[in-house]
Amino acid sequence: MAIILGMGNYAFAQNDNDKSSDMITELIRPPYLKAGDTVAIVAPSGILKNREREVQQAVDLLKSWGLHSVVGKHVFSKADHFAGTDDERCEDLQRAMDDPKISAIWCARGGYGTVRILDKLNYSKFKKNPKWVIGYSDITALHNQLHNEGYESIHALMCVSLTKDLEDVKSSIETFKSALFGNPTNYTLEGSEYNRNGEASGQIVGGNLTILHTMLGSKESIDTSGKILFIEEIGEYKYHIDRMLQSMKRAGYFDNLKGLVVGDMSKLRKNTTLWGTSVEQLVLDALKEYDFPIAFNMPAGHEKDNRALVLGRTVELKVDKKESTLTFE
């Protein structure tokens, strides 16, 4: 476990222009997993209708790694859009957070709903026995909260990401396992003509752009000063993406950022009035007044190839038109 050098960063949307990267504290690193440890599967967001197969696959996968698993009482509950009521979803997550016998919490799916239970969570017992929390998409809200409480977490595939043929998601599974067992994967990314060259070092934070935008103005909004931001998105119009970036920019979100890593921008919707440029150019145009490096083509997000990232860990980012590298500390 890492030694914490200070309290977690509690930050609101507006960055303080006087802050510098030397104020960033090292986050607590939960113990890596080993054979015999137990993983809790919970569903803090959307309903898991007809997803029993994927959850069983997750249980079987963990077993193949020598791990035990427990499935939350309300994982298959139904309450309109959600996997149970807010109280039921919170109950499963809180029980897993509090249980000292649980070493990691794997979210079954995203969708929407995590933000509705953030204010109900109590971290007092979690802090005595920290554990890894794994997920992406809507789970970005929980990643933000964990970061501001002072803990690393893992942005990786969820139970419903598992396909019948696991070879289809082989890289996603392998990098998830490596992160969970203490050997985070370093990445060499395919180059892009849109890359903004440069080098930077800092804690990697972020996740789904919509959720990051949703957190603005709340105590779950991350202070990005001195950090490297990762973003991904699915199912949005390009003008929605621009609107979110413009809003975050006006809130000071990028003022002291060290670098940006752009993951998958999946299933973008077409408006009747076309945007007119690629999504890559959209990002560059929205952030043209900044000089931090920007790397595209990170295989992480809402695609089958969803590589794991240890959020809160210091990384070294090197960006060039030909390729980019992301190296974990």
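Residues are numbered from 1 along each chain as its sequence is written. Because the model is predicted, local features need pLDDT of at least 70 and side-chain atom pairs count only at pLDDT 80 or more, whereas totals for chains, interfaces and linings use all residues; side-chain values use heavy atoms, with hydrogens and water left out.

Helices (H or I, at least four residues) and strands (E, at least two) are DSSP runs, numbered from the N terminus. Seven strands form an open sheet in the order S6-S13-S12-S7-S8-S9-S10, with mixed pairing; two strands pair if DSSP finds at least two bridges between them. The edge strands, each pairing on one side only, are S6 (187-190) and S10 (294-295). Strand S6 pairs with strand S13 (residues 323-328) in the antiparallel sense over four bridges, and Glu 190 has Glu 323 in S13 as its bridge partner.

Strand S7 (residues 198-208) pairs with S8 in the parallel sense over five bridges, and Leu 229 in S8 is the bridge partner of Val 205. Strands S8 and S9 (residues 259-266) also pair in the parallel sense, over six bridges, with Ser 266 in S9 as the bridge partner of Ile 234. From S8 the chain crosses through helix H6 (residues 238-250) to S9 in a right-handed β-α-β crossover, meaning that, with the strands pointing away from the viewer, the path from the first strand over the helix to the second runs clockwise.

Helix H6 packs with helix H7 (residues 279-286) at an angle of about 20°, with the axes 10 Å apart. Axes are lines fitted to C-alpha atoms, for helices over the stretch in contact, and angles run from 0 to 180 degrees between N-to-C directions. H6 and H7 are therefore roughly parallel to each other (angles under 35 degrees). Residues in contact (heavy atoms within 4.5 Å) include Ile 241 and Leu 245 of H6 and Leu 282 and Val 283 of H7.

Glu 220 lies in the loop between helix H5 (209-214) and S8. This residue is buried, with a relative accessible area of 6%. Leaving aside neighbours within four places in sequence, Glu 220 is in contact with Leu 118, Ala 141, Asn 144, Gln 145, Asn 148 and Met 215.

Methods: Angles under 35 degrees count as roughly parallel, over 145 as roughly antiparallel, 65 to 115 as roughly perpendicular and the rest as oblique. Buried means under 20% relative accessible area, exposed over 50%, partly exposed in between (1.4 Å probe, protein chains only).
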